[in-house]
Amino acid sequence: MVNGKEQKKRAAISFNPVNPVSPVKAFLPAPSSRPGLYIHIPFCRSKCLYCDFYSVASSAAFPAWLQAVQREAALYKERFHDFDSLYLGGGTPTVLGERQLAQMLDCLHKHFTFCPGSEMTIEANPDSLSRDKLKVIGSLGINRISLGVQSLDDRDLKYLGRSHDSKQALKSLDLVRSCGFADLAADLIYGLETQSMQGWRRTLDRILEFRPEHISCYQLTFESGAPLWKMKAAGRVRSIGEKLESAFFIWTSRYLDKRGYQHYEISNFARCPEFMSRHNLKYWGHVPYLGLGPSAHSFHAGSRWWNVKSIRKYCRLLAEGKAPIEASEVLSEEQLDLETLGLGLRTSAGVDLHALAGRLKMDEALAELQKSGLVKVTNGRILPTRKGFLVADSLPLMLYG
Ligand code: SF4
């Protein structure tokens, strides 16, 4: 599945925060053309209030799920091979026990090959990590831990309905480092009504003490259907508003930039190109990826398909020898162009002007966007500025003719 944590719509194009036009400087390596493998592990300890990812608050269905994943892997083993990234996401993969994690990796290795030096990520939550589990995770070849810290302020964590507190989060950051993992990614959320700019800065400063190789800063979104969305509709919680959200975004980008982090995608920062998420670069670069598990998305040769969002249905369809696909689409040339623009303009690499020549409303629209400080054109590429990142979702339609 394309990781659901990407940020959604941003502030209106007319918003003009203080000094936001500074260019985004991150150098972005071209994504590898090898495919990536995503496994959706739909189990959590409990459901967070803001979450709309498909998962259930129990791992009792693990044996049936694993058998179904094995069947689904068998469907694709001829079409997909030689992966150079694995992303175990969800859900909370680390709610699984050591033995279950080993069984799952064993199943994947039986069906697929991974190139030497593959990036292998597991999403982890602070309350489901232990030294023993991390040792097993390392022994399975997983070399990147994506830790769902979200905040180091207990009021924020309570507001989000997280099942851990700040003490557990700090302990798990320590644990990951002391177990020798050299690629630590910390996930954070900003834009909560419980959070002041000073509080957000305290969280970032504390996180920076661990020198994570990668930091994701997601703006809180009220996803329709999530409990927080219902609480907002009932007037029990509120959004901080676009103006403040944009101020948080710009401030965060500049703050992390000053501390040596490259802002290479709207929500993502890396200490150097080597630590940019190789797996996620495939999503943004139209590189093939295979997603296994309920609700997982896949992309190959201009086609996209996604699985049913139900463990029961997923297992039943595979037991009947059917692919568990909910729907699929073949992207037209125009759709692919628009996506290339949309995905490219979410990253600091931008898009190649010449690859889309003749299809863009070049002269007028591009000049207008440059004048507004939303994009720059450098070395034949359209590059978003920080301010451009704020409206990245609107840029493609403004450019596409
Ligand atoms: S741990 Fe992650 S996947 Fe599970 S409910 Fe919370 S946000 Fe959603």
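Helices (H or I, at least four residues) and strands (E, at least two) are taken here as DSSP runs, numbered from the N terminus. By that count the protein chain has 14 helices and 15 strands. Its radius of gyration, taken over C-alpha atoms, is 21 Å, close to the 21 Å that the globule rule (2.2 Å times the number of residues to the power 0.38) gives for 401 residues, so the chain is as compact as a globular protein of that length. Along the principal axes, the C-alpha atoms fill a box of roughly 55 × 45 × 45 Å.

Keep in mind that this is a predicted model: local features need pLDDT of at least 70, side-chain atom pairs count only at pLDDT 80 or more, and totals for chains, interfaces and linings use all residues. Residue numbers start from 1 along each chain as its sequence is written. The pLDDT, which is the predictor's confidence in each residue on a scale from 0 to 100, averages 91 over the protein chain, and 91% of the residues score at least 70. Residues 1-23 are another matter: the pLDDT there is below 50, although this stretch has 49 contacts in the model beyond near neighbours in sequence. A contact means that the C-beta atoms of two residues, placed from the backbone, lie within 7 Å. Where pLDDT is low, the predicted coordinates should not be read in detail.

Now for the inside of the fold. Among contacts with a separation of 6 or more, 75% join residues 24 or more positions apart.

Two packed helices are described by the angle between their axes and the distance between the axes. Here axes are lines fitted to C-alpha atoms, for helices over the stretch in contact, and angles run from 0 to 180 degrees between N-to-C directions. The axes of α1 and helix α10 (residues 311-319) come within 9 Å and cross at roughly 50°. On the α1 side the contact involves Ala64, Trp65, Ala68, Arg71 and Glu72, and on the α10 side Ile311, Tyr314, Cys315 and Leu318.

With helix α2 (residues 98-111), α1 packs at an angle of about 10°, the axes being 9 Å apart. The two are therefore roughly parallel to each other. Residues of α1 including Phe62, Leu66 and Val69 meet α2 residues, among them Met104, Cys107 and Leu108.

Most residues other than glycine have a negative phi, and most peptide bonds are trans. The peptide bond from Gly90 to Gly91 is cis, with omega near 25°, and Gly91 sits in the loop between β2 (83-90) and α2. His286, not a glycine, has a positive phi of about 60°; His286 is in the loop between α9 (278-284) and β9 (289-292) and is partly exposed, with 16 C-beta neighbours inside 10 Å. Ser295 also is not a glycine and has a positive phi, about 75°. Ser295 belongs to the loop between β9 and β10 (297-300), and is buried, with 23 other C-beta atoms within 10 Å.

Methods
Parallel < 35°, antiparallel > 145°, perpendicular 65-115°, else oblique. Buried ≥ 20, exposed ≤ 12 C-beta atoms within 10 Å, placed from the backbone.
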